[in-house]
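Let's learn to read a protein structure together, one feature at a time. Take a look at the model first.

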Amino acid sequence: GEIRLSSSADSPLLVIADNGPGIPKELVSKIFSPFFSTKMNGQGLGLTLTREILMNHQADFSLKTIGEWTEFRVSFEEGALA
């Protein structure tokens, strides 16, 4: 697979994308739930913790598969990082 990182100079934006297998539609609503994991030994806390940190910093974020790419997009309000 391939991983792409991009950001924007115009606004605080970070996009992390990969062209792996994507997120099955039936799992999209569960991926940020505590203790949910698709990994055999996964604890299901990584995306939950990430969500909490981003929400505490008033960030907008999304995780979705578009074509062959899955994108995790994070944008912050001006001044939220200060």
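A: Welcome! This is a predicted model, in which local features need pLDDT of at least 70 and side-chain atom pairs count only at pLDDT 80 or more, while totals for chains, interfaces and linings use all residues. Residues are numbered from 1 along each chain as its sequence is written, and side-chain values use heavy atoms, without hydrogens and water.

Q: What does β2 pair with?

A: β2 runs antiparallel to β4, joined by six bridges, and L14 stands opposite V74 in β4.

Q: Which residues make up the largest nonpolar core?

A: A nonpolar core is a set of buried Ala, Val, Leu, Ile, Met, Phe, Trp, Tyr and Cys residues joined through side-chain atoms within 4.5 Å. Buried means under 20% relative accessible area, exposed over 50%, and partly exposed in between (1.4 Å probe, protein chains only). The nine residues in this case are I23, L27, I31, F32, L54, A59, L63, F72 and V74. β3 (59-66) and β4 (69-76) are the elements giving two or more residues to this core.

Q: Is I3 buried or exposed?

A: I3, found in strand β1, is exposed, because its relative accessible area is 64%.

Terms used:
Helix = DSSP H or I, 4+ residues; strand = E, 2+ residues; numbered from the N terminus. Pairing = 2+ DSSP bridges.
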